[in-house]
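Please consult the sequence and the structure alongside the text.

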Amino acid sequence: GKQINLSSDVNEVMIDAACQQGGPLKLPVHLEDLPPDVRYQVSEMERMAQQEYLALRLDPCLDFQRLLCTTNLLQRLEILSTMVRREQKRLEHDAINGPKEKKTNAYNKEQPRKGAWFEGFE
């Protein structure tokens, strides 16, 4: 979901920048062929998406992978304990404040989604 949205947003920025350069549009558009400000914008979009993803701590596969790869029983218990505490805090927060609303971030709040696919979903 989020990766697809990020890819879509990055593609839009890159295509828009390539069209603004004038002349025929050469596909595929490569980041290195774009102006430095656009490369920086794309880099920031990707950095922000990565930070948001890491802050969510929603990839249970990584926690479980770490749990399974650890051979020391005490370390496994510590990892599992951390996972349980994190989930308990999340559930307590949701019980008090309600579930978190879908956040918008800096890279997708400037422009609404384009295309027929997104009509009626905003």
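Helices (H or I, at least four residues) and strands (E, at least two) are DSSP runs, numbered from the N terminus. Read along the sequence, the chain follows the pattern α-α-α-α, with four helices and zero strands. This is a predicted model, in which local features need pLDDT of at least 70 and side-chain atom pairs count only at pLDDT 80 or more, while totals for chains, interfaces and linings use all residues. Residues are numbered from 1 along each chain as its sequence is written, and side-chain values use heavy atoms, with hydrogens and water left out.

**Overall burial and contacts**

A residue is called buried under 20% relative accessible area, exposed over 50% and partly exposed in between (1.4 Å probe, protein chains only). Of the 122 residues in the protein chain, 20% are buried. The chain exposes about 10,000 Å², and carbon and sulfur atoms supply 58% of that area; accessible areas come from the Shrake-Rupley method with a 1.4 Å probe, and for residues only the protein chains shown count as cover. A contact means heavy atoms within 4.5 Å. Among contacts with a separation of 6 or more, 46% are made by residues 24 or more positions apart.

The expected span of a helix is 1.5 Å times one less than its number of residues. Helix α1 (residues 2-20) has 19 residues and reaches 27 Å from its first C-alpha to its last, close to the expected 27 Å. Its buried residues are Leu-6, Asp-9, Val-10, Glu-12, Val-13, Met-14, Ala-17 and Ala-18. After α1 comes Gly-22, with a positive phi near 85°.

Leu-27 lies in the loop between α1 and α2 (36-56), and Pro-28 is placed in the loop between α1 and α2 as well. A cis peptide bond with an omega of about -5° joins Leu-27 to Pro-28. Most residues other than glycine have a negative phi, and most peptide bonds are trans. Leu-27 counts as exposed because its relative accessible area is 58%. Together with Ile-15 and Leu-25, Leu-27 makes a nonpolar surface patch of about 260 Å². Patches are made of residues with over 30% relative accessible area and no salt bridge; like charges are joined within 9 Å, and nonpolar side chains (Val, Leu, Ile, Met, Phe, Trp, Tyr) within 5 Å.

**Helix α4 and its ends**

Helix α4 (residues 73-97) has 25 residues and should therefore span 36 Å at 1.5 Å a residue, which agrees with the 36 Å between its end C-alpha atoms. Ile-79, Met-83 and Asp-94 are the buried residues of α4. At the N-terminal end, Asn-72 caps α4 through a side-chain oxygen 2.7 Å from the backbone nitrogen of Leu-74. Such a polar contact is a pair of N or O atoms within 3.5 Å; within protein, one must be able to donate a hydrogen and the other to accept it, and residues adjacent in sequence count only if both atoms are side-chain atoms. Just after α4, Gly-98 takes a positive phi of about 85°.

**Salt bridges**

A salt bridge is a side-chain nitrogen of Lys or Arg within 4 Å of a carboxyl oxygen of Asp or Glu. The structure holds four salt bridges, including those tabulated here.

| Pair | Closest N to O |
|---|---|
| Arg-90 and Glu-87 | 2.5 Å |
| Arg-90 and Asp-94 | 3.1 Å |

Asp-63 counts as buried because its relative accessibility is 16%, whereas Arg-86, at 25%, counts as partly exposed.

How far apart in helix α4 are Arg-90 and Glu-87? They are separated by about one helical turn because they are three residues apart. Arg-90 is partly exposed at 38% relative accessibility, and Glu-87 is partly exposed at 35%. Arg-90 and Asp-94 both lie in helix α4, four residues apart, about one turn of the helix. Salt bridges with shared partners join Glu-87, Arg-90 and Asp-94 into one network.
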